[in-house]
Amino acid sequence: MIKPDGVQRGLVGEIISRFERRGLKLVAIKVESPSKEHLEKHYSDLASKPFFPSLIKYMTSGPVVAMVWEGRGAASLGRQLLGQTNPTASAPGTIRGDFCIDMGSNLIHGSDSQESAQKEIDLWFPNGVTEYQLDSAKWVYE
Ligand code: RTP
């Protein structure tokens, strides 16, 4: 998910491009201004953290772009593309390492496992994703 700062800074195309170029397949995408309740559900595992209220405020400060990317090892690959939670610890070449500085404005969220990805897909795309054949796959995978 591209967070509100990513949308406002005009980085949607740049971020999508990095996922596409890596060989992942886009199977769902939407621009949305999610409610506080929706985001509290999305980040429910962080509800007890001291930064939770500021996280929810940040995440409701503007529209986000929710996406589902498919591919072999997509969750861990996606996290590699993102970099570390703290952008100052993120390597150059990662999205956070190239484009941001603060943890509270770190541009993008990525599911941290296949299981959490499935939960998040159910929350953000209750009608499911689009299944299709990506012809370039035969050039991406052995
Ligand atoms: P995300 O869920 O957004 O992909 O980030 P993440 O897994 O890398 O990090 P997580 O621990 O799940 O935290 C979610 C988001 O909360 C903000 N955060 N602030 N001030 C703090 O100590 C702090 N820690 C986390 C970040 O925006 C982080 O991405």
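Here are some questions and answers about how terms and values apply to this predicted model.

Q: What should I keep in mind about the numbering and the kind of model?
A: Residues are numbered from 1 along each chain as its sequence is written. The model is predicted, so local features need pLDDT of at least 70, side-chain atom pairs count only at pLDDT 80 or more, and totals for chains, interfaces and linings use all residues, while side-chain values use heavy atoms, with hydrogens and water left out.

Q: Why is Arg96 called buried?
A: Buried means under 20% relative accessible area, exposed means over 50%, and partly exposed is in between (1.4 Å probe, protein chains only). Arg96 has 4% relative accessibility, so Arg96 counts as buried.

Q: Why is Thr85 called partly exposed?
A: Thr85 comes out at 44% relative accessibility, and therefore counts as partly exposed.

Q: Where do Thr85 and Arg96 sit?
A: Thr85 is in the loop between helix H5 (74-82) and helix H6 (95-99), and Arg96 lies in helix H6. Helices here are DSSP runs (H or I, at least four residues), as are strands (E, at least two), numbered from the N terminus.

Q: What does Thr85 touch, leaving out residues up to four places away in sequence?
A: Thr85 touches Arg96, Met103 and Asn106; contact means heavy atoms within 4.5 Å.

Q: Which residues does UniProt list for "binding site"?
A: The unreviewed UniProt entry lists Lys3, Phe51, Arg79, Thr85, Arg96 and Asn106. From this set, the lining of the largest pocket takes in Lys3, Phe51, Arg79, Thr85, Arg96 and Asn106. A pocket is an open set of points on a 1 Å grid over the protein atoms alone, where a 1.4 Å probe fits, with protein on both sides within 12 Å along at least five of seven lines; lining residues have an atom within 4 Å of a point. UniProt annotations may be inferred rather than shown by experiment.

Q: Which residues are around the ligand?
A: Among them are Lys3, Tyr43, Phe51, Thr85, Arg96, Asn106 and His109, where being near means that a heavy atom of the residue lies within 4 Å.

Q: Why is His109 called buried?
A: His109 has 14% relative accessibility, so His109 counts as buried. The unreviewed UniProt entry places the feature "active site" at His109, in the loop between H6 and helix H7 (114-124).

Q: Is Glu32 buried or partly exposed, and why?
A: Glu32 is partly exposed, because its relative accessible area is 23%. Glu32 is found in strand E1 (residues 25-32), and its side chain makes a polar contact with the side chain of Lys30 (2.9 Å).

Methods:
A polar contact is a pair of N or O atoms within 3.5 Å; within protein, one must be able to donate a hydrogen and the other to accept it, and residues adjacent in sequence count only if both atoms are side-chain atoms.
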